[in-house]
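Q: Could you walk me through this one and say what lies behind each label?

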Protein chains: 2
Amino acid sequence: MIMNNEFMLKALQIAEKSGDDIPVGAVIVKNNKIISQFHNEKEKRSDATAHAEILAIREASAVLNNWRLENCDMYVTLEPCPMCLWAIIQSRIKNLYFGAYDTLTGGISTLPQMISISGSKLNIKGGIMEQECNIILRRYFENLR
Amino acid sequence: MIMNNEFMLKALQIAEKSGDDIPVGAVIVKNNKIISQFHNEKEKRSDATAHAEILAIREASAVLNNWRLENCDMYVTLEPCPMCLWAIIQSRIKNLYFGAYDTLTGGISTLPQMISISGSKLNIKGGIMEQECNIILRRYFENLR
């Protein structure tokens, strides 16, 4: 599947609804259709594992009744953390498109060897609509102060 | 809290109930009491994120109504994968005790820098009841053949 900015725009719209949580949105696409979409719900669910990507993977697996999300792509507004990156790898998602980079704790930026350790064929492309993805994060953190 | 083999024995008993899933059991302990316990349910739930550790963290967070699992310890029969290790770090579990080592894809064995990247103070001790934890895994994989 070819990358489609429309899906990153959708992930951004979902991120905007994160409420008290850090605004991150993720959508999973199969055959050019969104099969799951979530924003970060860590605070809302009181659950450190409730990142947008994990929730989206769980829902997509339920939709497909299969943990193998083959031929599925994920669009997420922020570079996944190591937890989410390993979950994406394990779920066999084909293409990962992310927006803003997280050079401090992002899985790809800080632990690039994760891909080779896993033997995964995951394709990764970062910086999609990077500016827009950065702006909603900055706005959130500015409002916190 | 001091390490207590009794809790690893419990994790082993839970691992034995994993059915078709790779036998891994995890318990979370607070004030010397088990507050959550799960085995791996990846196949059962058709969900690549349904590792014993993730399920146990989610349940413990629900029990405490808090994603911060402070002063909680985890006992798990197998070295956590990178997804689970990052989840354990993020949930602020205090002590991680694991049984069998996983030198191929274990988070600690393959990505030891995860701890420093996260700035976590997690204490980790591996090889607890290592032989017993290895035996149930070996038995599972032998039966597959």
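This is a predicted model: local features need pLDDT of at least 70, side-chain atom pairs count only at pLDDT 80 or more; totals for chains, interfaces and linings use all residues.

Q: Why is the contact of A:Lys44 with A:Glu41 called a salt bridge?
A: The closest N and O atoms of A:Lys44 and A:Glu41 are 3.8 Å apart, and the cut-off is 4 Å, so the pair counts. A:Lys44 and A:Glu41 also belong to a network of salt bridges that includes A:Arg45.

Q: What makes A:Lys44 exposed or buried, and what about A:Glu41?
A: Exposed means over 50% relative accessible area, and A:Lys44 has 60%, so A:Lys44 is exposed. Buried means under 20%, and A:Glu41 has 6%, so A:Glu41 is buried.

Q: What about chain B: how do you know that B:Glu41 and B:Arg45 form a salt bridge?
A: Their side chains come to 2.8 Å, N to O, which is within the 4 Å limit, so the label holds. B:Glu41 has a relative accessible area of 7%, under 20%, and is therefore buried. B:Arg45, at 38%, falls between the 20% and 50% limits, so the word for B:Arg45 is partly exposed.

Q: Then what makes up the contact between chain B and chain A?
A: Chain B gives 27 residues and chain A gives 28. The two chains bury about 2,400 Å² between them, with 69% of it on carbon and sulfur atoms. On the chain B side, B:Ser46, B:Trp67 and B:Trp86 lose the most area to chain A, together 23% of what that side buries.

Q: How do you know what kind of axis relates the two copies?
A: Chain B is superposed on chain A by a rotation of 180° with 0.0 Å of shift along the axis, at an RMSD of 0.0 Å. The copies are therefore related as by a two-fold rotation axis. The same surface serves both: 100% of the contact residues of chain B recur in chain A. Among the residues of chain B, B:Met83 comes closest to the axis, its C-alpha lying at 1.9 Å.

Q: What makes helix α4 of chain B mostly covered?
A: Of its nine residues (82-90), eight are buried. Among them are B:Met83, B:Trp86 and B:Ile89. After α4(B) comes B:Arg92, with a positive phi near 65°.

Q: Why are β2 and β5 of chain A called edge strands?
A: The open sheet of chain A runs β2-β1-β3-β4-β5, with mixed pairing. β2 (33-39) and β5 (123-125) each have a single partner strand, so one side of each is left without a neighbour in the sheet. Neighbouring strands are turned by 15° against each other on average, direction ignored.

Q: How do you know that β4 and β5 of chain A pair?
A: Pairing takes at least two bridges, and three join β4 (residues 95-100) to β5(A), so they qualify. The two strands run parallel. In this pair, A:Asn95 stands opposite A:Asn123.

Q: What makes β1 and β2 of chain B a pair?
A: They share six bridges where at least two are needed, so they pair, in the antiparallel sense. B:Val27 stands opposite B:Gln37 of β2(B).

Q: Which helix of chain B lies across β1, β2, β3 and β4?
A: Helix α1 (residues 5-15), which runs at about 145° to β1(B). Helix α7 (residues 130-144) packs on the sheet too, touching β3 and β4 of chain B, and its direction makes about 60° with that of β4(B).

Key
Residues are numbered from 1 along each chain as its sequence is written. Chains are lettered from A and ligands numbered from 1 in the order in which they are written. Side-chain values use heavy atoms; hydrogens and water are left out. Helices (H or I, at least four residues) and strands (E, at least two) are DSSP runs, numbered from the N terminus. Axes are lines fitted to C-alpha atoms, for helices over the stretch in contact, and angles run from 0 to 180 degrees between N-to-C directions. Copies are superposed by least squares on the C-alpha atoms of residues with pLDDT of at least 70 in both. Contact means heavy atoms within 4.5 Å. Buried means under 20% relative accessible area, exposed over 50%, partly exposed in between (1.4 Å probe, protein chains only). Buried area is the accessible area (1.4 Å probe) that two parts lose on being put together, summed over both.
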